[in-house]
Amino acid sequence: MALHVPKAPGFAQMLKDGAMHLSGLEEAVYRNINACKQFSDTVKTAYGPNGMNKIVINHIDKIFITNDAATIVKELDIEHPAAKIIVFASEMQEQEVGDGTNFVIIFAGALLEQAEHLLKMGLTPVEVCEGFQLALEKTLELLPTLTCHEIKDIKNNAEQLVITQAVKSSIMSKQYGQEQFVTDLVLKACTSILPEKTTFNVDNVRVCKILGSNLYNSTVVNGMVFKRTNEGDITKQTDAKIAVYTCPIDITTTETKGTVLIKSAEELQNFSRGEEMVLEEQIKAIADAGVTVIVAGGKFGDMALHYLNKYKIMGVRLMSKFDLRRLCKSVSATALPRLTPPNKEELGYADCVYVDELGDTSLVVFRLDGKDSRMSTIVVRGATDNYMDDIERAIDDGVNTFKGISRDGKLLPGAGAIEMELAYQVGLYADTLPGLEQYGAKRFAVALEGFVKILADNTGVKSNETLAELYSQHSKGNKNAGFNIEPKGSSLIDVTKAGIVDSYLSKFWGLQYATQAACTILKVDQIIMAKRAGGPKAPGGRAPDNDDDA
């Protein structure tokens, strides 16, 4: 008879064997805080223009070399439940603003670190959270009063310098040294497709990465560029009229199976000739509609290619249905499901469609020179795939910053100036609070100071001295004093004169998401983990193909 071992009394008694139950300050709260601190410490060294890169190897052994927190978080499968809450907050920041994910992770980690001191002093998590919330409300109230620029009209040429500064500051944190060139590329791509009435869409700026040469040979093309070659012999069409098909360009097969009884060689010839004549009639009808370029999502048959060459039509095959949709949007065409001649409304137009070659990569370029271009493509050159991926992430941040400015043109002083000013003002506000919340509000201000410390540490400067100098400047009313990352001259800088500005939306949402995440984690006093389901692991999805990503 098996020996029955009784379970320990209490909550564990109700759970299956293998379940885990942690409760109280020591087991749950401090453990959560510790995990989040370690997580934020990981991305601290990647903050700012002098931030270090991380090598991340994901679950399918793909290597990423980057200092972009959004990519690091996305590719690491973080399991700890508390750290996951910070990950969710940073993902929300990425979706809302497209930049500032590192800010959210570091600030949430700093708030939890400060909360730990208060909990050890004897405050309850609720009192700490109340202090944080009051400080956050004060911060959001102060933010609009600290703006250094406001862009009213993004199309106004007089404000192009300020827009350049905003985009440049965003790109500088990813590509320090190349920021001016990348900024010029981003602004050229964004301004060429600015819509007259509707809002700016990030998806309308595409990036095409081509191995070889160097970054300074990158260009912007109004229209779309695909890493493919053409079908058939025609390699260039000017003033092209484009028909887009989702079906293969070939002899159509019947929907139902049938048997054809052929009794003589003449019948066989007539049968095959009939198929060819049908296909020729279809392509001739398309050519008569004025079409000079056919783009298809399916394969081009040999017989179809023969007729395309005969009627001087250029053929292009795109494997991805997303690329087909984008091309339709770019050239104002309608994708047709069957091989029928298009009418005028369904035809697309491009100034030039041609085959080009960069390095050893064949390209098909759909160029639109007029103002009606709806898409622009940045052709990025570089020596390695990892380097070009990092440039793409910098471009993505720049485009998102441009979108943020088009939604809300307010800009704040950068280089740690806004964080220091908020820390100084919130510190003064905390002294006016009567209850225990003042401790939480004071620690909120200390957490904000941490950003200047991180910038100084990553640059290799003594952070405490820099912090003291900045504090004295801000207490004298110099709101725009920030940290100078350049090795020459003083460690302080007037950020508005230097042109270092931050997006208002990035800080506005970043502060909220980080504080909400920190308060959510602090209010957890029990972790109950059920026993993991047994059996084999679910099969992992295949590696995403470049052609299939949306």
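This is a predicted model: local features need pLDDT of at least 70, side-chain atom pairs count only at pLDDT 80 or more; totals for chains, interfaces and linings use all residues.
The largest share, six residues, is that of α6. In total 44 residues line the second largest pocket, and Pro49, Ser169, Ser170, Ser173 and Asp502 lie nearest its centre; a pocket here is an open set of points on a 1 Å grid over the protein atoms alone, where a 1.4 Å probe fits, with protein on both sides within 12 Å along at least five of seven lines, and lining residues have an atom within 4 Å of a point. The space amounts to about 830 Å³, and the lining comprises 17 nonpolar, 17 polar and 10 charged residues.

Elsewhere, helix α12 (residues 417-432) packs against helix α13 (residues 437-459) at an angle of about 165°, their axes 8 Å apart, which means that α12 is roughly antiparallel to α13 (over 145 degrees). In the contact between them (heavy atoms within 4.5 Å), α12 contributes residues including Leu422, Ala423 and Val426, while those from α13 include Phe444, Leu448 and Phe451. The residues of this contact divide into 11 nonpolar, two polar and four charged.

Residues are numbered from 1 along each chain as its sequence is written. Local features need pLDDT of at least 70 and side-chain atom pairs count only at pLDDT 80 or more, whereas totals for chains, interfaces and linings use all residues, and side-chain values use heavy atoms, with hydrogens and water left out.

How values were computed. Axes are lines fitted to C-alpha atoms, for helices over the stretch in contact, and angles run from 0 to 180 degrees between N-to-C directions. Helices (H or I, at least four residues) and strands (E, at least two) are DSSP runs, numbered from the N terminus. Angles under 35 degrees count as roughly parallel, over 145 as roughly antiparallel, 65 to 115 as roughly perpendicular and the rest as oblique. Ala, Val, Leu, Ile, Met, Phe, Trp, Tyr, Cys and Pro count as nonpolar, Asp, Glu, Lys and Arg as charged, and the others, Gly among them, as polar. Grid points are joined across faces, edges and corners, and a volume is the space filled by probe spheres set on the points.
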